[in-house]
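Subject: Structure for you to look at

Hello,

Here is the structure I said I would pass on. Please open it first and keep it in view while you read the notes below.

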Amino acid sequence: MRIVVLDEADTELTAAADWYEQEREGLGDDLLAEADRVLNAIAADPQDRGGEGMANMVTYEARPDLAYIQMSNGLTSVFIAVLSLAASALAETEREREFAAWFASHDQGLFGLGVVGFDVSELPWSPSTFVREREFILRVIEAAKARTGWERLGYEPREDWIQPCLDKLRAMVEALVLEDACRSGATAWSYGDRPEPLVLCPVHRVYQHEYGCVLCNDR
Ligand SMILES: [Zn+2]
């Protein structure tokens, strides 16, 4: 297992180590060594953690050179919510409504914490309309960055956390090529089936997934 230390955590740890080092020489180094030891233990036996601290990742597996997204469970809920709101607001065609419902189906309130990450190749791309769909998703990301529908969230997302995630998603979607997006041809609906018909939640104006509205379920 590969362990990724987030920049924020790394900064915090370094600051703590500096403080300890000032308190007593050698203490800061001890703290860093202990952090190393814990991380190595987790890497060696992730099950030992009993799922504690699990997070969701959004990746582009075929392009390991691009930055992927790793989010806490809380940030993941925000990420899915703002993409669902933006996609639902922009969707004009049945295919576009399907993408909105697909984002919404990544519903932690329903499927559990830490399990709703995805690879950008897994969106319900269709080979014949891929270029148009990718263009739609890029517009959705811009709309999410512009806070589309945020007034219906019921809370104020931390922009300094969510915006960098949306930036990374944009970079991955921009880079996504048809060969990767439509490689398997397998159905991309991992969290419930594609709903039929596609219906808006009257409260949140978000397309519902098979088991309801992601924002209603988040309460
Ligand atoms: Zn709702």
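Start with two helices: α3 passes α6 in a right-handed crossing. Keep in mind that this is a predicted model, and that the values below are computed from it.

The axes of α3, which covers residues 73-90, and α6 come within 8 Å and cross at roughly 115 degrees. On the α3 side, the contact involves Val-82, Leu-83, Ala-86, Ala-87, Ala-89 and Leu-90. They meet Arg-139, Val-140, Ala-143 and Ala-144 in α6. By class, this contact of α3 with α6 has nine nonpolar residues, no polar ones and one charged residue.

Helix α6 also packs against another helix, α7. Here α6 is residues 130-145 and α7 is residues 159-175, with the axes 10 Å apart and an angle of about 170 degrees between them. Because angles over 145 degrees count as roughly antiparallel, α6 is described as roughly antiparallel to α7. The crossing of α6 past α7 is left-handed.

Which residues make the contact between α6 and α7? From α6 they are Arg-134, Ile-137, Leu-138, Ile-141, Ala-144 and Lys-145. From α7 they are Gln-163, Leu-166, Leu-169, Arg-170, Val-173 and Glu-174. Sorted by class, the contact of α6 with α7 consists of seven nonpolar, one polar and four charged residues. Ala-144 is listed in this contact and also in the contact of α3 with α6.

Next, the loop between α6 and α7, where you will find Ala-146. Is Ala-146 buried or exposed? Ala-146 counts as exposed, because it has 9 C-beta neighbours inside 10 Å, and the cut-off for exposed is 12 or fewer. Ala-146 and Val-82 are separated by 64 residues in sequence, while their C-alpha atoms are 9.9 Å apart in space.

Now the strands. Three of them form an open sheet with mixed pairing, in the order β2-β1-β3. β2 (69-71) and β3 (118-119) are the edge strands, and each has a single partner strand, so one side of each has no neighbour in the sheet. Strand β1, residues 56-59, is joined to β2 by three bridges, and these two strands run antiparallel. Thr-59 has Asp-119 in β3 as its bridge partner.

Finally, the protein as a whole. It has nine helices and three strands. Along the sequence they follow the pattern α-α-β-β-α-α-α-β-α-α-α-α. Of the 219 residues in the protein, 28% are buried. Among contacts with a separation of 6 or more, 68% are between residues 24 or more positions apart.

Regards

Methods: Residues numbered from 1 in each chain as written. Predicted model: local features only at pLDDT ≥ 70, side-chain atom pairs only at ≥ 80, totals over all residues. Axes fitted to C-alpha atoms, helices over the stretch in contact; angles between N-to-C directions. Helix = DSSP H or I, 4+ residues; strand = E, 2+ residues; numbered from the N terminus. Parallel < 35°, antiparallel > 145°, perpendicular 65-115°, else oblique. Left-handed = near helix turned anticlockwise from the far one by under 90°. Contact = placed C-beta atoms within 7 Å. Nonpolar A, V, L, I, M, F, W, Y, C, P; charged D, E, K, R; others polar. Pairing = 2+ DSSP bridges. Buried ≥ 20, exposed ≤ 12 C-beta atoms within 10 Å, placed from the backbone.
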